[in-house]
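Please read the report below alongside the sequence and the model. It begins with one residue and then widens to the whole protein.

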Amino acid sequence: MHALGPAPGCALSVLLLLVASWRGGSTAPLAPPEVHSLQGSWRLSNGNGSLVLGGDVPGCVHTALLRHGLIQDPYYRFNDLAYAWISLDNWTYSRDFKTPFDIRTWQKVSLVFDGVDTVAQIVVNNVTVGRTDNMFNRYSFDITDVIKEVNAIHVNFVSAVWYAAEQSKNHQAYRVPPECPPPVQKGQCHVNFIRKAAALETWWPRGHGNQTGYNMTTTFIAEGGCKIEKLSKVYFRTIELVEEPIPGSPGLSFYFRINGLPIFMKGSNWIPADSFQDRVTSKRLRILLQSAVDANMNMLRVWGGGIYEQDEFYEICNELGIMIWQDFMFAVALYPTDHSFLDSVRAEITHQVKRLKSHPSVILWSGNNENEAAIAYNWFSIPSTKKSVYADDYVTLYVKNIREIVLAEDETRPFITSSPTNGVESAKEGWLAHAPYDTHFGDNHYYNYVSDCWDWTTFPRTRFASEYGFQSWPSFSALAQVSSEEDWSYVSNFSLHRQHHAHGNDQMLNQAALHFKLPQEGNPLKNFKHSIYLTQIMQAQCIKSQTEFYRRSQSEIINGEGRTMGALYWQLNDIWQAPSWASLEYGGKWKMLHYFAQRFFAPLLPVAYEDKGALYIYGISDLHTDYELTLRVSLHDWGLTEPVCTLAKEGVLIKGGAAVPIYKEPISDLLKRCGNCTRQSCVVTLSLEGEEELSSPSNYHFLSSLKDAVGLKNPQLLASVSQEGDQFQIILEATAIAPFVWLDAGNIPGRFSDNGFLLTEKRRVILFYPWETTSAKELEKSLSLTSLTDIS
């Protein structure tokens, strides 16, 4: 799957350091190396010198131009097209600096770059000291013989677009697909020829124990008595990727044991948080990752089409207990394997593994995203006579190079060559399985925008679901920041331009139309807002159905399939304001899906589904202990505010770390038992109840499509807001049952305790947690309420 958004176009995102080693005599005591930063203000100019302005390091051309008022927000309307010239030009960062030490007393001076995006010539005092061509690598250049008391440094960037095209042109032996992405994705060509982001007591995982770490001091004592101390944080935990035979099933398992405990992985896929990485602040990272754990997630997959994230990302994951499935940066493309490319990749992989392996959050290395599948299913229409060439390249890159480096540098984590993959079965087949989507092995990616997503029989009963998803539009308040009034229509040029997935806008409404009435408002703006709301309902309900299917499949084998031990939907976060698969909008605002995830990833959950006319309920638990709880099943008439009937089944055994059937009844019997209920007039709610925290969120099961529901009334929703310490209390009142109640705080950053819910009571208390200072008055002014009955 591809992340959506404009090409990054960043020319520089670096941390520059001067590292000096003391030149003292053989009898003199050894001094530690000095490190001096060159961060700060630089000069930035374009290729012909027509633009000269100040630019910060770390920094980016786009954000520098924006800061000086030379361009508008690159995310506004069609600006990704209007500003394409930036990525086609060459750019230079330069500055003068005075050497902060006596150069005569130092044996070696190195210039170190911690991130150069991407192709650049490094010039110090008119001498070329090195070149870069890989944004994922760390570069160090010896400038001992070049440095003076006063120095001039130039970092001359070549357009990555033109460089990639030239590299592809020079590779004449054979074609390396894809040459260009599909037009709808509006991306650049030949990205596979350049190492650049394509998108644009243990320590326990969250929910299973503490994230215990220890402060460690490492002391280095050199000859002459010089002592260097380094403080660091260390963690202890074990990881196993278990691929073993399963009784009653062909194939092998695919699950993770952490500290000896099998853990069901709940989470999503992470893409870069912004096309311009210097805009990704600590606060934004914290909001996004905290939102993941607030939705009961314990794993994120860092997707191979983005970037290796900054250190702080992994440090926050360490702290929060988020496990990281780390792809290497290769995605949905074939790559060359000439010596220069492989040398660059080997340096990249060595650097990244050494940098990241100390983080307990990283639990798996994965060679690439979907490239095994691309070859197996011939996505790039390679003639059969040429397939062996690309198969050999695949093994050379991911097995003979990347895998060898990972195994040499890090023996503590498992490595898989691709995702999806058949794991050890793929290895047996020469590392390229003939069918890498086989549900009996490894992990699986699954997208189906045509079939009814409420129909659980369409989903693959896979060992591990590492990608699946549906799109939705972000909130109107997010879109309004990057659009104008003429854009506020579902069929506007802006709406078509912002959609980078073929037929995506139609697919959303077609899927929604299976179960909901589409908006038919005379007011175009109201119609657009209701369409946005409906796509968010559709996305949330679809992912709910699929995720609950995966969670209830963890403990059973049916027709040889099952024992699903992971559900990572695509995708967590967004890179700009546009329709996408994300559950968090650009900036972090929760879509309806994310509130649903908070419930469908709950550690304790009852899940209902139908099969052959019967209602089944499974009890799902991530807890480590078995518990006897009460199952409460109620039928509600859409036109009433009290349940028609309720069944309380006590002493229900909920097994820890498992999903087991706990209830079965024919739908006809259930309806008959509850008087006048029909499939169209009633809805089922269910919950597991115990003492204190041993209770589940309320869940529901629709007995018919909502477009066929009988008895729905306008709930006359009202809300009053008051401040309670650092948070706000919202008292919600209604006169009737309301499906998919949606509270929107507009542009006030923060989240609600719950949202998008089925309201079955007359009064409910919701909390709002602000991310910035606000007041009850401002919140009440910005707050809007919507339910499905508002769609007409």
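## A buried aromatic pair

Phe-464 has a relative accessible area of 0%, so this residue is buried, a word that stands for under 20% relative accessible area, with exposed for over 50% and partly exposed for what lies in between (1.4 Å probe, protein chains only). This is a predicted model, in which local features need pLDDT of at least 70 and side-chain atom pairs count only at pLDDT 80 or more, whereas totals for chains, interfaces and linings use all residues. Residues are numbered from 1 along each chain as its sequence is written, and side-chain values use heavy atoms, with hydrogens and water left out.

The structure holds 52 aromatic pairs, counted where ring centres of Phe, Tyr and Trp (its six-membered ring) lie within 6.5 Å, with planes under 30 degrees apart called stacked, over 60 edge-to-face and the rest tilted. One of these is formed by Trp-85 and Trp-91, whose ring centres are 6.3 Å apart and whose planes meet at 40°, so the pair is tilted. Trp-85 is partly exposed, at a relative accessible area of 36%, while Trp-91 counts as buried at 2%. Trp-325 and Phe-464 also form a tilted pair, with 5.6 Å from centre to centre and 45° between the planes. Because Trp-325 lies in strand 20 (residues 323-327) and Phe-464 in the loop between strand 23 and strand 24, this pair ties together parts that are 139 residues apart in sequence. One aromatic cluster is made up of Trp-456, Phe-459, Tyr-468, Phe-549, Tyr-550, Tyr-609, Tyr-616 and Tyr-618.

## Disulfides

A disulfide is a covalent bond between the sulfur atoms of two cysteines. The structure holds 4 disulfides, each counted as a pair of cysteine sulfur atoms within 2.5 Å; the table lists three of them.

| Cysteines | S to S distance |
|---|---|
| Cys-453 and Cys-542 | 2.0 Å |
| Cys-645 and Cys-674 | 1.6 Å |
| Cys-677 and Cys-682 | 1.9 Å |

The torsion about the S-S bond of Cys-453 and Cys-542 is about -70°, so this disulfide is left-handed. Cys-453 lies in the loop between strand 23 (444-446) and strand 24 (465-468), and Cys-542 in helix 14 (residues 524-552), so the pair ties together parts that are 89 residues apart in sequence. The link of Cys-645 and Cys-674, with 55° about the S-S bond, is right-handed. Here Cys-645 belongs to strand 31 (residues 643-654) and Cys-674 to the loop between helix 16 (667-673) and strand 33 (682-689), so parts 29 residues apart in sequence are tied together. Cys-645 counts as buried at 18% relative accessibility, and Cys-674 is buried at 3%. For Cys-677 and Cys-682 the torsion is about -85°, so their disulfide is left-handed.

## The whole protein

The secondary structure comes to 17 helices and 41 strands, which are DSSP runs numbered from the N terminus (helices H or I, at least four residues; strands E, at least two). Along its principal axes the C-alpha trace spans about 95 × 60 × 60 Å. Buried residues make up 58% of the 792 residues. The accessible surface, computed by the Shrake-Rupley method with a 1.4 Å probe, comes to about 31,400 Å², of which 50% belongs to carbon and sulfur atoms.
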